[in-house]
Amino acid sequence: MTAVKVAILGFGTVGEGIFNILKEKRKQLKETLGVDIEVAKILVHNVSKEREGVDASLLTNRFEDILALPQLDVVFEAIVGEEPAYGYLDAAIEKGAHVITANKVMFAKFGQALQEKAKKYGVQVGFEATTAGGVPVIKTMETILRVNDVVHIQGILNGTSNYILTQMRTEGISFETALKNAQDLGYAEADPYNDISGQDAFKKLMILSALAFGKQPNWEDVKVVGISEITLEQVQQADANGQRYRHIAEVSIDENGKIHAEIGPQLVDAAHPLYAIDGVDNAVALDTNYIGKITLVGPGAGMYPTASVMVEDYASMLSKQSVVVPV
């Protein structure tokens with residue numbers, strides 16, 4: 001039985017979810033992967049804060065303690081912002097550890113650099129959780145792209161915006177009231193700017209663009225429009241016409257290799273693949289040259305949808321390591 005040590009950076013909603021899953025599924029992962037996974041350190045701001053079910057000896061506020069771990073196999077990153085997240089993962093890769101992240105802001109900007117460095121050091125980067133939460137769009141695209149070309153992507157990539165537009169239509173309430181409901185339910189932050197402005201969806205779309213096309217458009221050229229100007233009257237008129245407002249992020253590549261991207265509200269009818277996606281769900285529709293159109297739907301955020309795909313990323317890495325190719 002191989003024993004491996006892992007570290008978790010951040011112990012908010014997602015970090016706690018990772019910890020709980022690894023603890024609850026430790027026996028199952030031993031049986032299915034032949035690996036005993038031990039959480040060896042958790043990076044937090046406040047080491048004196050009590051955390052139920054967590055041994056205080058696991059907590060540290062020094063990233064150096066993470067790097068000093070013997071036999072460190074993987075670092076799960078669940079903190080916020082570009083830095084220090086990028087610096088932490090860059091250093092972990094240099095140490096020879098795999099890295100798995102849910103940080104869309106950081107990965108949209110530095111993802112390609114991290115992946116190139118990982119190849120150099122012989123480790124892997126997991127980033128399924130950066131885009132669409134529990135929807136396995138990254139793994140699906142990686143599989144499809146072995147044979148197919150993806151030429152166009154459309155997605156509902158922000159569950160908060162989708163919830164607000166759904167509530168306006170189904171409950172007949174204003175944008176402001178729907179936003180307040182989303183905040184009360186924990187779907188929206190106290191400062192909801194990134195969600196309702198389209199910036200959150202923009203970062204996720206850039207990650208999908210890099211995966212599908214190997215590059216991103218110039219960020220400054222991408223039109224990003226939020227949902228705050230949509231009125232209840234507009235939503236009701238659209239509904240009467242058999243249409244719905246969806247906040248859609250889309251990117252495509254033309255025959256000359258130029259990438260076109262935009263994010264904003266669109267009116268769609270029942271024939272559109274994103275018409276039926278309500279509430280906090282995310283969805284991604286992929287146009288491919290051989291398979292045709294594929295639409296993936298699922299929860300876009302939350303402790304366990306996000307944490308579970310991060311653990312699944314690690315399970316995939318371990319499975320790849322265990323495969324013996326005959327000579």
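Leucine 9 has leucine 43 of strand β2 as its bridge partner. The model is predicted, so that local features require pLDDT of at least 70 and side-chain atom pairs count only at pLDDT 80 or more, whereas totals for chains, interfaces and linings use all residues. Residues are numbered from 1 along each chain as its sequence is written, and side-chain values use heavy atoms, with hydrogens and water left out.

Strands β1 (residues 2-9) and β2 (residues 35-43) run parallel and are joined by eight bridges; strands are DSSP runs of E with at least two residues, helices are runs of H or I with at least four, and both are numbered from the N terminus. Two strands pair if DSSP finds at least two bridges between them.

Helix α8 (residues 175-184) has Phe175, Ala178, Leu179 and Ala182 as its buried residues, buried meaning under 20% relative accessible area, exposed over 50% and partly exposed in between (1.4 Å probe, protein chains only). Viewed down the axis of α8, these residues fall within an arc of 100 degrees and therefore line one face of the helix; the arc is that of the directions from the helix axis to the C-beta atoms. The face turned away from the buried side carries exposed Glu176 and Asp184. After α8 comes glycine 186, with a positive phi near 85 degrees.

Valine 147 lies in the loop between α6 (137-144) and β7 (150-156), and counts as exposed because its relative accessibility is 60%.
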